[in-house]
Amino acid sequence: MAYFHMYILSIIFSLILLSNGVFHEEISDIQAMNLRSQKTSHLHFYFHDILSGKHPSAIKIVSPGGGGIYGFGKTFMCDDALTMEPNASSEVIGRAQGIYAMASQSEPGLLMTMIFEFTQGKYNGSSISILGRNPFMRDVREMPIVGGTGLFRFARGYALAHTFWFDVNTGDAIVEYNVFVQHY
């Protein structure tokens, strides 16, 4: 009998929660996700990380002594353009916003915490989140997709990065990304 009363109370409690639009919306979203099938999308774009000039897209925010531009602990904040083609005049389809830091004392490697926000096309208003290690001296690097928003809600997958162009004097770089993301 006690179980029956707890069951009735849980139904009443659920109805009270569902009367609030926020809870109802969240539950509806989850139910809709369950009905849709998961798909994998392949995204291809270029990341323009510019440290030089009057209007850099990345700036150094932490600079412990020594090691030049690549010294351990150097930390950068960026708001980099994402384009369809490698040239700077190509259409901007989004922004890469986040932080990357020199996190290795042996092999040059970055810790990247980055949001790729898309502002054009099919994925306009959606974003993916990357959190991982980027050993940037390697030809191709793999980093995990740990989440997303909009069309990429509940996203997971991986990003392959390949340096397309790099200026050793300034640190400016154009990086080609192939991203494989699973989402609903």
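Author: A salt bridge is a side-chain nitrogen of Lys or Arg within 4 Å of a carboxyl oxygen of Asp or Glu. This is a predicted model, where local features need pLDDT of at least 70, side-chain atom pairs count only at pLDDT 80 or more, and totals for chains, interfaces and linings use all residues. Residues are numbered from 1 along each chain as its sequence is written, and side-chain values use heavy atoms, without hydrogens and water.

Reader: How many salt bridges does the structure hold?

Author: Three. In one of them, D79 meets R95 at 3.0 Å, N to O. D79 is in strand β3 (residues 75-83) and R95 in strand β4, 16 residues apart. Strands (E, at least two residues) are DSSP runs, numbered from the N terminus.

Reader: Which residues do salt bridges with shared partners join into one network?

Author: Take the pairs in turn. R138 and E107 meet at 3.0 Å, N to O. R138 sits in the loop between β6 and β7 (140-149), E107 in the loop between β4 and β5, and 31 residues separate them. R133 and E107 meet at 3.1 Å, N to O. R133 lies in strand β6 (residues 127-134) and E107 in its loop, so this pair ties together parts 26 residues apart in sequence. R138 is partly exposed, at 44%. The network joins E107, R133 and R138.

Reader: What is the volume of the largest pocket?

Author: A pocket is an open set of points on a 1 Å grid over the protein atoms alone, where a 1.4 Å probe fits, with protein on both sides within 12 Å along at least five of seven lines; lining residues have an atom within 4 Å of a point. A volume is the space filled by probe spheres set on the points, which are joined across faces, edges and corners. Here it is about 330 Å³.

Reader: Which residues lie nearest the centre of the largest pocket?

Author: D49, L110, F136, F166 and A173, out of 20 lining residues. Strand β9 (173-183) gives the largest share of the lining, three residues.

How values were computed: Helix = DSSP H or I, 4+ residues; strand = E, 2+ residues; numbered from the N terminus. Buried < 20%, exposed > 50% of the residue type's maximum accessible area, 1.4 Å probe, protein only.
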